Every structure is written in C-alpha cells, then in structure tokens.
Amino acid sequence: MHPAFSVVFFTTATGAGYGLLALLGVLGGLGFIQPDFWLGLFGMALALGLIIAGLLSSTGHLGRPERAWRAFSQWRSSWLSREGVASVATFIPAGLFGIGWVLMGKSDGWVAVTGLLAAAGAVATVCTTGMIYASLKPIAQWHSRYTLPAYLIFAGMTGSVLLNTLLQGFAVGSAAVLTGALLATLAGWAWKLATWRYNDRLEIPTTANTATGLAGGTVRSIEWPHTEENYLLKKMGFRIARKHSAKLRRITQVLAFAAPVILLAIAFVSPWPVAATASVLAAIAQLIGMLVERWLFFAEAKHTVTLYYE
C-alpha cells in the first residue's frame, strides 16, 4: 500500500507545466517577453511537454485506462471530469498562441488574446485539480482551506522558477522574473509550513463509535472487514511512520524551498554563466523536492474508511 507514483508525477508535472504556460501566455502575449523563435519553442515545448507527460501518467493508476475518455462526460458533477475538459480545452488557445508568438513572432492583437486565454485555461485546470482533493470530505487533511491555494501557489512557484531558468539559459534573464521566482518560492515554503501545522493539530471528530452510532465503550473490529484488498485501502489507507514523515518533510524543505531560494539568490547577484547554472540547479532541485512533497501529500492523508481497520 503506497501512494501511486503516477498521481504524484501527474500533480507535480502538470502543476509546473501549467504554471509555466500561464506565465508565458501573459508575459509573452503582452510583450514583456519579446518574441524569439528558439526561446519560444523551448518554452512552449517544456510547458506542453510537462502537461502532456503528466496527463498521460495520470492514466497509470486507473484500473481500466482505455475507459479514461468516459470521465469527460461527467463534467456537471465531477471535478475530475471538469479537470479533463479544462485541460483539453486549454490546448486550443495554447496552440494558437504558440503559432502566433513562436512561429509568427507576434505579441499583440489576437496573439495576446490567445495568450491570456491559455493562461486562464491553465489556472482553471489547476483549480479543478485542487478541487478534486479539496472536495473530498472523508479526508480531513485535504478537505481544508489550504488545499486549493496550495495547488495554485505551487504551480506559480514551479512555473516561475522554470521561466527564470529558460530566460537565463538564453541569456535574457529578467530581474523581475527572478525576483518573482524567489518570492513565489518563499510563499510556497510559508504555505507548506502553515499546512503542516494545521494538519498536525487537526482533530478528526469521526471515530468508530460515531461511525457506527454505538456508545458505552470503545468500538473495534474483531474481524477483517473483507477478504480482499479494496481501492480505498490501497490508495488511501497508507500509514507512514512519524519519524519517516519528519525526515521527508525536511527533505522537502531543503530541495523544494531552501536550496532554490539560495540558488536564486546566487543567480540574482552573479554574472550570466553562474546565474544560468544556479537557475538550472534551482529548477531541478525544486522539481525533485515537489515530488517528495506530493508523495507526502498523499501518504499523510487519512481516509475515514481506515476506521474499520483500527
């Protein structure tokens, strides 16, 4: 029993990809980043590549991946379905923006409009992803005010660090983008610490007694609830030891936040070759750290169904 790596990679890759796409759509479409074929090509390829890789990996945890298309039909009631619709719809303005900004070298008029629409689609998709988890009442660690903002903050954070790396790699680094990446990383760090503090103090009111409506003693199971493993137990019944959780939290803080902050600060005061190298290392460290953070996000969550196994 462990969190599915396909979901861990999906949330990390798509978050970074949509964050980068949104920034390219706004800054490129409005002319803050001037059109350049190779910069635009690498930037759009990186953003869309991360998104596509994440979306494809998300089918890895499905029992019947060939039926994934059916999820699109439930958009009226399912956040998962809305995520699928939003993710596919975002490709339309993103593709048009790529044609205008990368191939035609334009950054105004209809190109600016499609860039803004692509950014809006990216934000909407990240919101639907966050709501998939924030809407799950049986998991108290997710059903909180911290979950949705975390998805948006982390997407902006990883996207801005990737954008800074892209600009530094083409020797057109921007102090504003670098500052934004640094501040976004600090904001992500602060939000993660606040989330952990909230979850550690969280008192789940539901017990085996309240779930069964029995009183007058402590209710416990005398037999295993079923003879075979079920989906909820496999995906949301994982228990991580406190010492391992503390260690992984430290690794997350070092790789996802502390190291990028230091490396971005070095990039801020260094000449181009050093700044570019520090920016690349910051992006790599942060993405690895966010994989650990996402794994913890799933591993530390406790589904109410686990009451039947205590």
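## Helices H5 and H10

Helix H5 (residues 147-169) packs against helix H10 (residues 272-299) at an angle of about 155°, and their axes are 8 Å apart. Helices here are DSSP runs of H or I with at least four residues, strands are runs of E with at least two, and both are numbered from the N terminus. Each axis is a line fitted to C-alpha atoms, for helices over the stretch in contact, and angles run from 0 to 180 degrees between N-to-C directions. H5 and H10 are therefore roughly antiparallel to each other; the scheme calls angles under 35 degrees roughly parallel, over 145 roughly antiparallel, 65 to 115 roughly perpendicular and the rest oblique.

H5 passes H10 in a left-handed crossing. A crossing is left-handed if the near helix is turned anticlockwise from the far one by less than a right angle, and right-handed if clockwise. The residues of this contact of H5 with H10 comprise 14 nonpolar, eight polar and two charged. Ala, Val, Leu, Ile, Met, Phe, Trp, Tyr, Cys and Pro count as nonpolar, Asp, Glu, Lys and Arg as charged, and the others, Gly among them, as polar.

## What kind of model this is

This is a predicted model, in which local features need pLDDT of at least 70 and side-chain atom pairs count only at pLDDT 80 or more, while totals for chains, interfaces and linings use all residues. Residues are numbered from 1 along each chain as its sequence is written, and side-chain values use heavy atoms, leaving out hydrogens and water.

## The chain as a whole

The protein chain has 10 helices and zero strands. Of its 310 residues, 45% count as buried; buried means under 20% relative accessible area, exposed over 50% and partly exposed in between, using a 1.4 Å probe and protein chains only. Among contacts between residues at least 6 apart in sequence, 79% join residues at least 24 apart. Contact means heavy atoms within 4.5 Å.

## Two further helix pairs

Helix H1 (residues 5-29) and H5 pack at an angle of about 65°, with their axes 7 Å apart. Their crossing is right-handed. On the H1 side, the contact includes Thr11, Gly15, Ala16 and Gly19, and on the H5 side Tyr151, Ala155, Gly156 and Gly159 are among the partners. The residues of this contact of H1 with H5 divide into 10 nonpolar, seven polar and no charged.

Now to H2 and H3. The axes of helix H2 (residues 37-57) and helix H3 (residues 79-103) come within 10 Å and cross at roughly 165°. That makes H2 roughly antiparallel to H3. The crossing of H2 past H3 is left-handed. Residues of H2 in this contact include Phe37, Leu41, Met44 and Leu48, and those of H3 include Phe91, Phe97 and Trp101. By class, the residues of the contact of H2 with H3 are 14 nonpolar, three polar and no charged.

Thr125 is found in helix H4 (residues 110-134). With 2% relative accessibility, Thr125 counts as buried. Its side chain reaches the backbone oxygen of Gly121 at 2.7 Å, and a polar atom of that side chain lies 3.4 Å from the backbone oxygen of Ala86. A polar contact is a pair of N or O atoms within 3.5 Å; within protein, one must be able to donate a hydrogen and the other to accept it, and residues adjacent in sequence count only if both atoms are side-chain atoms. Leaving aside residues up to four places away in sequence, Thr125 touches Tyr18, Glu83, Ala86, Ser87 and Thr90.

Ala122 also lies in helix H4. Ala122 is buried, with a relative accessible area of 1%. Not counting residues up to four places away in sequence, Ala122 touches Tyr18, Leu21, Ala22 and Thr90. The C-alpha atoms of Ala122 and Ala89 are separated by 9.6 Å, although these residues are 33 apart along the chain.

Ala171 is found in the loop between H5 and helix H6 (175-200). Ala171 has a positive phi of about 60° although it is not a glycine. With a relative accessible area of 48%, Ala171 is partly exposed.

Back in helix H10, we find Ala276. Ala276 counts as buried, at 11% relative accessibility. Its C-alpha atom is separated by 8.9 Å from that of Asn164, a residue 112 places away along the chain.
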